[in-house]
Structures are given as C-alpha cells and as structure tokens.
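Read it beside the structure.

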Amino acid sequence: MSKKPIILAIESSCDETAAAIISENNNNQPIILSNVISSQEEVHRKFGGVVPELAARSHLDKIDWIVEKAIKESGINLNEIDAVASTAGPGLVVCLSVGLSFGKAFANSLNKPFIAVNHLEGHAHSPRLNSNLGYPYLLLLISGGHSQYLSVKDLNKYKRIGTTIDDALGEAFDKTAKLLGVEFPGGPQIEILAKKGNSNRFDLPKPIINRGGCNLSFAGLKTAILKISKQINNNQDKYDIAASFQKTIEEIMYKKTIAAFNEFEKINKLEKKIFVIAGGVAANKNLRKMFKKLCEERNFESIFPPIELCGDNAAMIGLVGLEKYKLKLFDELDFPAKPRWQLDEEANFLKGAGVKL
Ligand code: KG4
Ligand code: ZN
C-alpha cells in the first residue's frame, strides 16, 4: 500500500496561533494526528478586541514551539512530512505573514512543496473532519469577519448567493458583548447570559429582513443595543438584552436561510440537499438547534463541524492542504499574504451605505 500523505499545517490569520498534522486513513478519510491551538485572549482582553501589532508579536513568540508541539504530539518524524500548508488570507496582514513565512521556510528546509490555503476554505470544508461530506452543498459561513451563504460545487468552486452588507455575525455578537460590559472575546458569553434572560423584553430591529434575498445586515442591531444599554441598571437587564439579541439573531437567520434554500434549489436540482454551517458562530448551541429544526422542515440534511473545530484551527487548514496536495496544487515561495481573499472571486463587493440589493 502506498504511503498516505502527511501535511504540516499552520494558521495565524488572527488571534490564534495553531499547527496541526493531518493525514488520511485507508478509506481516504482525513485523520487529525495532532491539533495544537494557542489563543491570545489574555493578550487582547484589556483592549476589548484584537490589536494587530500585539497579535503578530505573540504569533512570532509562539510559532516555533507550537509547530514543534504539533509534530511531537503526532508521533511522526520530520522526514515523513510531504508538504507544508499555511493560511495565506484573508486576515490581518501582519499576522498572516508570520505563519506564511514560517511555513514557506519550513517547506524549503525540508525540500517539500508549499501550499497556500484560504482560511475561509478551511472553515468551508471543516465538517469533512468528522463527516462524509460530498458535493454540492449550501454553506453558511459565520465567523468574526465573514457571514456568507455559498453554493459549494467542489474544492475551489464557490458561488456566493448572499453576504452581509455591513457587520459579520460574530462581530455583532462581539459588539453586543462589549456594550454589555462582557470581557473579550464576548461572543460565546452572550449565549450563556441569554439563558438567564427574558427574550421578549426588547423588540430589536431585523434589518433588511423582507428584502435583499439572503443578504444580511446587523449594524442596525448594534445601534439599537447601544441605545438600550444606556439604561442598564442591574444584571437582569443585561441578561434580558442578551436573550433578546440571541432570539432576534435566530429569527433573522431562520428567515434568511429559507431565502438561501430557495436560491440554492434554483441553481442545484438535487434529491439530497445538504446545509453546512461553519465558522466560529456555528458553535452557538441555540443557533444549531434552530438550523437543525429548519432543515427538518425543509428536507435538508444539516451538518456542523464539531464544536472544538468551529473556531480557528490548523486542522481545517491541513485538510484543505491535503486535498490540494493530492491534486498537486502547489504554490511558489513568493505567494503573498492576502488580507482580502474571497471564496467566490467573481462576487460583487456588497458593503457600505448606498449598496443596491
Ligand atoms: O471563525 P472564528 O474563530 O474566527 C474568525 O475567522 O473570525 O470566529 C470567531 C467569532 C467571534 O466573533 C466569536 O465571538 C464568535 O465567533 N463565536 C460565537 C460563539 N463562539 C464563537 N458567537 C456566538 N456564539 C458562540 N457560542
Ligand atoms: Zn476563522
């Protein structure tokens, strides 16, 4: 039997420094031999958000021992690595540059191919790490920087059918958390606070809910919460705002996902329809519950990555690296860091005031 490829993957696009070793089993299913993630929460907490300069410095401090740990934990030898894959974008350019340069240098020193990976492509395929996912599928990518519905035809074949025209969904969670005085990173805390609150207390806006197809908008929500947050007197007020926000998001995503299903069905005539939800916000349990129910109603199969692989990690980068390795899609060592890198490169820019939907 021929040797299975072994990929070293590196991720440093934002505030997680991560490395992983990925291979596949005899049924050609990916296996994670190691997956090491070091978060910079402590570094950024007192600033209430990611500070690019500090993030880059922290990546520089950690990258070599994170990679060393991933190799050690996988039990492989250096000479068994077949290729090195690094996230090349989108993300903070100073952060991307750390993992990208390290990956290129490592590949060069081993005399093995280098593979540049799109971070969003990592999220898009992450459910393959725990399921037998085929093509095509409808993808909802919801993270701190992106919120998009995409029809996924194959590796590197994406058609965007909806996107946010302002804030990303994770950003809306984080901004709401900040207004409630929750420490960074606040998104996951909203879910916890919401459990103790009355979700009917505040009537929050649902921007572009009845127009714009499955395009999304969350900026108006932040403005509404900013107003309400000025009258917070006690913890119960905070819980009620969190619960009302969580419920409003569920209602927006329910309605917009139906629009996305209709759009997807128009371009794909399929017996079996699959809806994949990925990215950091896909860890939200109430959203997962709502999407599962909606999929049952509409005859879609719902697929999520495991909770621990929803956020940024290198295993998902290694998975894309593995697929590209098998297709011999290698990159040159002068491949640039790409702070903006869309999955659907033909999709129009749809952001800012005056955008036509
Ligand atoms: O994919 P990710 O780790 O990083 C980016 O590529 O952006 O996503 C991070 C985002 C943050 O905005 C974070 O607040 C949000 O995902 N997030 C959540 C939850 N866990 C993470 N939002 C809502 N509920 C959660 N449980
Ligand atoms: Zn991400």
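Predicted model: local features only at pLDDT ≥ 70, side-chain atom pairs only at ≥ 80, totals over all residues.

Residues are numbered from 1 along each chain as its sequence is written.

A backbone N or O atom of Gly 144 sits 2.7 Å from an oxygen atom of ligand 1. For Gly 170, a polar backbone atom is 3.1 Å from a ligand 1 oxygen. A backbone N or O atom of Asp 312 is also 3.1 Å from an oxygen atom of ligand 1. On its own, ligand 1 has 560 Å² of accessible area, and the protein covers 84% of it (Shrake-Rupley method, 1.4 Å probe).

## Ligand 1: location

Domain 1 (7-127 + 309-326) and domain 2 (135-304) both give residues to the shell, so ligand 1 lies between them. The domain bounds come from an automatic or database assignment.

## Zinc site

Three protein residues donate to the zinc ion (ligand 2): His 119 (NE2), His 123 (NE2) and Asp 312 (OD), lying 2.1 Å from it. Donors are N, O and S atoms within 2.8 Å of the metal (3.2 Å for Na, K and Ca); water is not among the atoms, so sites may look incomplete. Along the chain, the donor spacing is H-x3-H-x188-D.

His 123 counts as buried because its relative accessibility is 1%. Asp 312 is buried too, at 18%. Buried means under 20% relative accessible area, exposed over 50%, partly exposed in between (1.4 Å probe, protein chains only).

Definitions and conventions: Chains lettered and ligands numbered in written order. Heavy atoms only, no water. Polar contact = N/O pair within 3.5 Å; in protein donor to acceptor, adjacent residues only side chain to side chain.
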